[in-house]
Amino acid sequence: MKINDIETSRLILRGYTKEDALWAYSIWNNPEMGQYLPDEAKEDIDENYLKMLEGLGEDEECCYLIPVFKNSLERVGTCSFVISDDKKVYDNCLLRT
(Lines give C-alpha, C1' and ligand atoms only; values in the text may rest on other atoms or scores of the structure.)
Protein backbone atom coordinates (compact mmCIF):
# COMPACT_ATOMS: atom_id res chain seq x y z
CA MET A 1 0.00 0.00 0.00
CA LYS A 2 1.47 3.33 -0.98
CA ILE A 3 0.66 6.78 0.32
CA ASN A 4 2.13 10.25 -0.20
CA ASP A 5 4.99 11.36 2.03
CA ILE A 6 3.96 12.69 5.42
CA GLU A 7 5.89 15.70 6.75
CA THR A 8 6.26 17.00 10.28
CA SER A 9 8.41 19.87 11.47
CA ARG A 10 11.44 17.54 11.79
CA LEU A 11 10.64 14.39 9.81
CA ILE A 12 9.51 13.05 6.48
CA LEU A 13 7.80 9.67 6.53
CA ARG A 14 8.51 8.29 3.07
CA GLY A 15 7.65 5.06 1.37
CA TYR A 16 9.79 1.99 1.99
CA THR A 17 12.09 1.10 -0.93
CA LYS A 18 14.10 -1.97 -1.89
CA GLU A 19 17.22 -0.10 -0.73
CA ASP A 20 15.83 0.03 2.83
CA ALA A 21 15.76 -3.77 3.22
CA LEU A 22 19.14 -4.43 4.82
CA TRP A 23 18.91 -1.30 6.95
CA ALA A 24 15.47 -2.31 8.27
CA TYR A 25 16.77 -5.84 8.86
CA SER A 26 19.54 -4.41 11.06
CA ILE A 27 16.95 -2.68 13.26
CA TRP A 28 14.45 -5.54 13.40
CA ASN A 29 17.16 -8.05 14.32
CA ASN A 30 18.91 -5.92 16.91
CA PRO A 31 18.66 -7.85 20.22
CA GLU A 32 17.65 -4.75 22.20
CA MET A 33 14.93 -3.76 19.72
CA GLY A 34 13.86 -7.36 19.23
CA GLN A 35 12.42 -7.60 22.73
CA TYR A 36 9.67 -5.19 21.62
CA LEU A 37 8.83 -6.93 18.34
CA PRO A 38 6.51 -9.89 17.80
CA ASP A 39 8.74 -11.72 15.28
CA GLU A 40 11.72 -13.73 16.36
CA ALA A 41 15.13 -12.33 15.35
CA LYS A 42 16.94 -14.15 12.56
CA GLU A 43 20.61 -15.03 12.92
CA ASP A 44 21.19 -15.32 9.19
CA ILE A 45 19.52 -13.73 6.20
CA ASP A 46 18.89 -15.98 3.23
CA GLU A 47 18.02 -14.98 -0.33
CA ASN A 48 14.26 -15.62 0.07
CA TYR A 49 14.04 -13.55 3.24
CA LEU A 50 16.00 -10.71 1.62
CA LYS A 51 13.64 -10.76 -1.39
CA MET A 52 10.67 -10.59 0.95
CA LEU A 53 12.19 -7.60 2.76
CA GLU A 54 12.97 -5.87 -0.53
CA GLY A 55 9.34 -6.24 -1.61
CA LEU A 56 7.71 -4.74 1.49
CA GLY A 57 7.25 -1.40 -0.26
CA GLU A 58 4.96 -3.12 -2.77
CA ASP A 59 2.77 -4.85 -0.17
CA GLU A 60 -0.90 -4.22 -0.96
CA GLU A 61 -2.27 -4.73 2.56
CA CYS A 62 0.33 -3.01 4.72
CA CYS A 63 1.94 0.40 4.27
CA TYR A 64 5.62 0.45 5.25
CA LEU A 65 7.24 3.84 5.84
CA ILE A 66 10.73 5.06 6.70
CA PRO A 67 10.97 8.19 8.87
CA VAL A 68 13.94 10.36 7.91
CA PHE A 69 15.24 13.60 9.36
CA LYS A 70 14.20 16.45 7.09
CA ASN A 71 17.56 18.21 7.21
CA SER A 72 19.80 15.19 6.53
CA LEU A 73 17.46 12.49 5.16
CA GLU A 74 19.05 10.11 7.69
CA ARG A 75 16.78 7.13 8.39
CA VAL A 76 15.63 7.02 12.00
CA GLY A 77 13.21 4.10 12.16
CA THR A 78 10.45 2.14 10.51
CA CYS A 79 6.69 2.51 10.60
CA SER A 80 3.90 0.43 9.18
CA PHE A 81 0.15 0.29 9.31
CA VAL A 82 -2.75 -1.74 8.00
CA ILE A 83 -6.40 -0.86 7.77
CA SER A 84 -8.61 -3.46 9.39
CA ASP A 85 -11.85 -4.79 7.91
CA ASP A 86 -13.85 -2.50 10.19
CA LYS A 87 -11.82 0.46 8.83
CA LYS A 88 -10.01 1.11 12.11
CA VAL A 89 -6.32 1.70 11.58
CA TYR A 90 -3.79 -0.46 13.37
CA ASP A 91 -0.37 1.09 13.49
CA ASN A 92 3.07 -0.03 14.46
CA CYS A 93 6.06 2.27 14.69
CA LEU A 94 9.67 1.53 15.59
CA LEU A 95 12.11 4.39 15.90
CA ARG A 96 15.80 3.88 16.42
CA THR A 97 17.12 5.82 19.39
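A residue counts as partly exposed when its relative accessible area falls between the buried range, under 20%, and the exposed range, over 50%. In this predicted model, R75 has a relative accessible area of 25% and is therefore partly exposed.

R75 belongs to a network of salt bridges that also links R14 and D20. The side chains of R75 and D20 meet at 2.8 Å, N to O. R75 lies in the loop between β3 and β4, and D20 in the loop between β2 (11–15) and α1 (21–28), so this pair ties together parts that are 55 residues apart in sequence. The salt bridge between R14 and D20 is also listed at 2.8 Å, N to O. D20 has 1% relative accessibility and is therefore buried. R14, at 21%, is partly exposed.

In total, the structure holds four salt bridges. Another of them joins the side chains of E7 and K70, at 3.2 Å, N to O. E7 sits in strand β1 (residues 6–7) and K70 in the loop between β3 and β4, so the contact connects parts that are 63 residues apart in sequence. E7 is exposed, with 56% relative accessibility. K70 has a relative accessible area of 34% and is partly exposed.

Strands β3 (residues 62–69) and β4 run antiparallel and are joined by four bridges. C62 has V82 of β4 as its bridge partner. Strand β4 spans residues 77–83. Five of its seven residues are buried, so β4 is largely enclosed by the rest of the structure.

Conventions. Residues are numbered from 1 along each chain as its sequence is written. This is a predicted model: local features need pLDDT of at least 70, side-chain atom pairs count only at pLDDT 80 or more; totals for chains, interfaces and linings use all residues. Side-chain values use heavy atoms; hydrogens and water are left out. Buried means under 20% relative accessible area, exposed over 50%, partly exposed in between (1.4 Å probe, protein chains only). Helices (H or I, at least four residues) and strands (E, at least two) are DSSP runs, numbered from the N terminus. Two strands pair if DSSP finds at least two bridges between them.
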